[in-house]
Every structure is written in C-alpha cells, then in structure tokens.
Amino acid sequence: MADLFKLHTQGLDSPPSRLTEVTPDDSAELPFASRALNVASSGTVRVTTVDGDTGTVFVASGIALPLRVRRIWATGTSATGIVALF
C-alpha cells in the first residue's frame, strides 16, 4: 500500500494514525499520550491529562473525543471498549 502522506509532518489536527485498546488502570499510564478517545459503549471515563489534570468526562460511543490523556483510571470509568487514538 502506498502512503501518499508519509512524508508530511503530522500535527494535532491531523487524523490519528495509530491506536491501542485500553484497559483502565488506576496505577498505569498509557504507552503514549492520546490525541483522542473512542468507546464502544457510552459512559464516563476518568482521565489524567498530559498536563496532569484529573477528572471525569462523558464519552459517547462511536465518537472520537479529542482529548490528550496519559492515564485512564479504572475507578470512575463506566464506558467500555475504550480505544486511545494517537
């Protein structure tokens, strides 16, 4: 497959090019800071942002919520099927 955009610099407004499924964990950080979150079933997601703020957000299923996070907490998270896009 040819990637016509491979040599272009990727920015925060570019579509994510990687993803990882996330198991919420109260003590482990994500392998990479996310650019957005997506969930299979809507619910709350407790996060710590890349700048260190911790709070709970509602994420609707099927929507990529642009949010740069470094941790997704098990405590306070009700959404399932969480995917971090980066």
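Me: Before we start, what counts as a salt bridge here?
Reply: A salt bridge is a side-chain nitrogen of Lys or Arg within 4 Å of a carboxyl oxygen of Asp or Glu.

Me: And what sort of model is this?
Reply: This is a predicted model, where local features need pLDDT of at least 70, side-chain atom pairs count only at pLDDT 80 or more, and totals for chains, interfaces and linings use all residues. Residues are numbered from 1 along each chain as its sequence is written, and side-chain values use heavy atoms, with hydrogens and water left out.

Me: How many salt bridges does the structure hold?
Reply: Two. In one of them, the side chains of Glu 29 and Arg 71 meet, at 3.8 Å from N to O.

Me: Where do Glu 29 and Arg 71 lie?
Reply: Glu 29 is in the loop between strand 1 and strand 2 and Arg 71 is in strand 5, so the pair ties together parts 42 residues apart in sequence. Strands are DSSP runs of E, at least two residues long, numbered from the N terminus.

Me: What about Arg 70 and Glu 29?
Reply: Arg 70 also forms a salt bridge with Glu 29, with the closest N and O atoms 3.5 Å apart. Here the parts tied together are 41 residues apart in sequence, because Arg 70 lies in strand 5 and Glu 29 in the loop between strand 1 (19–21) and strand 2 (36–38).

Me: Is Arg 71 buried or exposed?
Reply: Arg 71 counts as buried, at 16% relative accessibility. Buried means under 20% relative accessible area, exposed over 50%, and partly exposed in between (1.4 Å probe, protein chains only). Arg 70 is partly exposed at 32%, and so is Glu 29 at 45%.

Me: Changing topic, which residues have the most contacts inside the largest nonpolar core?
Reply: Leu 37, Val 45, Val 47, Val 69 and Ile 72, in a core of 13 residues. Strand 3 (43–49) and strand 5 (69–73) each supply at least two residues of this core. A nonpolar core is a set of buried Ala, Val, Leu, Ile, Met, Phe, Trp, Tyr and Cys residues joined through side-chain atoms within 4.5 Å.

Me: What is Val 69 in contact with?
Reply: Leaving aside neighbours within four places in sequence, its contacts (heavy atoms within 4.5 Å) include Leu 30, Phe 32, Leu 37 and Val 47.

Notes:
Helix = DSSP H or I, 4+ residues; strand = E, 2+ residues; numbered from the N terminus.
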